[in-house]
Structure formats: C-alpha cells, structure tokens
Amino acid sequence: MMGFALVTGPCVGCGRIFCYSPTKVPSVRVNGSREPICAGCVASANPQRIANGLEPILIVPGAYDADDESEL
C-alpha cells in the first residue's frame with residue numbers, strides 16, 4: 001500500500017487556503033517559525049525582495065504537489 005502527504009493550510013501572505021508539499025513548500029519566517037507561502041505571493045514578493053537586495057524566494061519542483069510517503 002502506498003501513501004501520500006499533502007498539507008492544506010493558509011498562505012502567510014494572502015491568507016488563502018492552498019495545498020502544498022510539507023517538505024518542499026517555500027516558507028518565510030514569522031515570529032521565529034516558518035510559515036508556508038503560495039506561488040502567487042512568491043511571485044508578488046520576489047520583485048520587491050530583489051529590489052531590496054535580497055535573494056528571491058525559490059519554488060522547487062513539486063512544492064505544491066503531494067509527497068510520496070518515501071520522501072517523508
């Protein structure tokens with residue numbers, strides 16, 4: 001039997017509920033803890049991050065897909 005893991009929760013940027021990989025989703029630190037951020041907010045935030053001399057937030061392949069149980 002095979003299993004998959006997919007997390008559903010709010011985006012730290014916009015508050016919308018979205019699904020993501022628990023091991024690959026991009027996140028930002030808020031009050032000391034890492035919080036997930038959706039692809040739309042990453043796209044909105046990256047130009048300002050770059051303008052401020054920060055590295056852009058990268059979205060790795062599979063960040064918004066389910067993880068196979070072997071990846072957990």
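Buried means under 20% relative accessible area, exposed means over 50%, and partly exposed lies in between, using a 1.4 Å probe and protein chains only. The model is predicted: local features need pLDDT of at least 70, side-chain atom pairs count only at pLDDT 80 or more, and totals for chains, interfaces and linings use all residues. Residues are numbered from 1 along each chain as its sequence is written, and side-chain values use heavy atoms, with hydrogens and water left out.

**View A. Helix 1 spans residues 39–51.** Helices here are DSSP runs of H or I with at least four residues, strands are runs of E with at least two, and both are numbered from the N terminus. The 13 residues of helix 1 reach 19 Å from first C-alpha to last, close to the expected 18 Å. That expected span is 1.5 Å times one less than the number of residues. Cys41, Val42 and Asn46 are buried in helix 1. Gly53 follows the helix with a positive phi, near 80 degrees.

**View B. Helix 1 has a kink at Ala45.** The kink is about 30 degrees and lies shortly before the proline Pro47. The bend is the angle between axes fitted to the seven residues ending at a residue and the seven starting there.

**View C. Asn46 sits in helix 1.** Asn46 counts as buried because its relative accessibility is 13%. Leaving aside neighbours within four places in sequence, Asn46 is in contact (heavy atoms within 4.5 Å) with Pro56 and Ile57.

**View D. Strands 2 and 3 form a hairpin.** Strand 2 (residues 7–10) pairs with strand 3 (residues 17–20) in the antiparallel sense, over four bridges. Pairing requires at least two DSSP bridges between two strands. Gly9 stands opposite Phe18 of strand 3. Six residues lie between the strands, and Gly15 in the turn has a positive phi of about 85 degrees.
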